[in-house]
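User: I'm new to this one. Can you walk me through a few spots?
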Amino acid sequence: MTRLGAVAAALASAAALTVALSPAASAAAPLRDLAAARGRYFGNAMTAGDFNDSAYRALSAREAGVVTPGNEMKWDATEPSRGGFTFTRGDQVVAGAVAANQKVRGHTLVWHSQTPAWVQSLSATDLRTAMVNHINTVMGHYKGKLFAWDVVNEAFAEDGTRRQSFWQQKLGDGYIAEAFRAARAADPTVKLYYNDYNTDGIGAKSDGVYNMVKAFKQQGVPIDGVGFQAHLIVGQVPSTTRQNLQRFADLGVDVAITELDIRMKTPADSAKLAQQARDYAEVTNACLAVTRCVGITTWGLSDNHSWIPGVFPGEGAALPFDTNLQPKPAYQAMSTAFGGPGTTTTTTTTTTTTTTTTTTTGTPPTGCTATYRITGQWQGGFQAEVRVSAGAAPISRWAVDWTFTDGQSVSSSWNAVLTTQGASVTARNTSYNGTLPAGAGTTFGFVGTSNGPNATPSPTCTAA
């Protein structure tokens with residue numbers, strides 16, 4: 001039995017691990033299943049140490065279909081001294097993923113950071129030799145066990161020029177193409193990615209990467225995909241994310257969101273969490289809108305397994321689950337965006353539509369309809385979605401009103417500004433979804449509390 005096989009056998013019990021997840025998480029179809037139904041994957045980063053937290057390990061096994069090792073396959077972990085390769089911790093991550101029926105993305109082979117000093121001190125000739133040998137050995141060890149590799153990581157500066165790392169200074173522009181050619185020779189079947197941050201929207205840095213990938217495709221350099229890390233800030237998802245993903249896809253490569261988290265100033269509050277939910281939905285929808293966007297990976301899954309607080313003091317709460325492994329509005333928003341929770345075992349769906357129109361002589365009527373549906377229920381809570389549709393004429397703003405009859409209340413929302421007064425709720429459009437062409441629609445959602453019956457209210461929609 002190989003060492004990896006032995007570790008896999010030792011960890012095989014991971015598939016049988018159970019954990020008392022919140023009712024919301026356990027009732028809905030997991031993200032891995034919802035994403036797969038849309039032809040995508042959902043994954044998260046895991047370190048070998050993360051597998052020691054049985055509850056977190058079980059959460060990842062439930063929600064994620066793909067695992068990216070956080071540190072265990074980087075150069076300092078796999079070749080700390082020249083020729084002294086070690087794969088123990090990387091093998092632990094792969095074995096844990098295999099035991100949970102998860103696929104693995106390799107991360108990362110050539111990077112200026114977390115690379116030992118002995119590598120950085122080499123002459124140009126020795127550095128090139130060491131790079132190719134490292135790629136051959138590491139990829140050879142994991143050949144057939146991974147479906148993708150981040151071959152080169154973060155090689156561009158913010159202005160779109162090449163980062164002046166020791167790689168660039170000693171080997172010049174050609175080292176990235178050399179790394180990809182070596183990677184293809186080492187494993188002809190695995191998908192080869194370039195991966196970077198602050199490239200999520202159209203701008204100078206993403207332009208630089210775009211031009212490189214375009215040149216690679218023209219020159220026959222073997223590149224299969226581009227990873228967009230998407231370490232984002234609440235309320236600052238680039239408006240050109242979808243267009244940016246599409247333009248790369250149009251070059252003939254796959255695209256993926258590889259390290260998603262959306263951080264905020266802590267402590268978190270309902271307004272920040274609601275905005276974060278909208279942001280997660282926006283990123284998810286951008287990927288879904290691009291045929292060659294193959295999947296989304298979050299850099300961690302819960303806030304107690306996040307790198308953010310240690311690197312950005314005073315910031316955090318960046319992931320879909322909180323520190324108690326409870327789903328946040330961001331999780332609900334991703335679930336909804338992926339089409340869930342369509343496989344929920346306790347979903348009750350009732351639809352009521354009411355139309356209010358305003359008529360002006362000589363012009364088409366303006367108005368809107370509101371359709372309310374419960375998309376998931378659990379003990380003490382529920383999730384609902386409301387679709388607003390314009391009538392025979394375009395509208396520039398809308399408001400939806402309803403009254404709860406069973407003591408329900410709203411705890412968080414996304415894609416609308418909600419105000420409540422007792423049992424009465426008013427939802428108004430945000431700055432970005434008020435204008436709707438004739439016949440077009442938009443949706444907003446919320447998470448609510450309910451400790452008894454949960455009758456579906458009858459919403460009314462008004463527009464202007």
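User: Which residues in α8 meet α10?
Analyst: Arg128, Met131, Val132, Ile135, Asn136 and Met139 in α8 meet Tyr175, Glu178, Ala179, Ala182, Ala183 and Ala186 in α10, where contact means heavy atoms within 4.5 Å. By class, that contact has nine nonpolar, one polar and two charged residues; Ala, Val, Leu, Ile, Met, Phe, Trp, Tyr, Cys and Pro count as nonpolar, Asp, Glu, Lys and Arg as charged, and the others, Gly among them, as polar.
User: What should I know about the model and the numbering?
Analyst: This is a predicted model, in which local features need pLDDT of at least 70, side-chain atom pairs count only at pLDDT 80 or more, and totals for chains, interfaces and linings use all residues. Residues are numbered from 1 along each chain as its sequence is written, and side-chain values use heavy atoms, with hydrogens and water left out.
User: New topic. Where is Lys272 found?
Analyst: Lys272 is in helix α13, residues 270-288; helices are DSSP runs (H or I, at least four residues), numbered from the N terminus.
User: What does Lys272 touch?
Analyst: Leaving out residues up to four places away in sequence, Lys272 touches Val234, Met264, Lys265 and Pro267. A polar atom of the Lys272 side chain lies 2.8 Å from the backbone oxygen of Lys265. The C-alpha atoms of Lys272 and Val234 are separated by 7.3 Å, though the two residues are 38 apart along the chain.
User: And which partner in β2 does Asn44 bridge to?
Analyst: The bridge partner of Asn44 there is Val67.

Terms used
Helices (H or I, at least four residues) and strands (E, at least two) are DSSP runs, numbered from the N terminus. A polar contact is a pair of N or O atoms within 3.5 Å; within protein, one must be able to donate a hydrogen and the other to accept it, and residues adjacent in sequence count only if both atoms are side-chain atoms. Two strands pair if DSSP finds at least two bridges between them.
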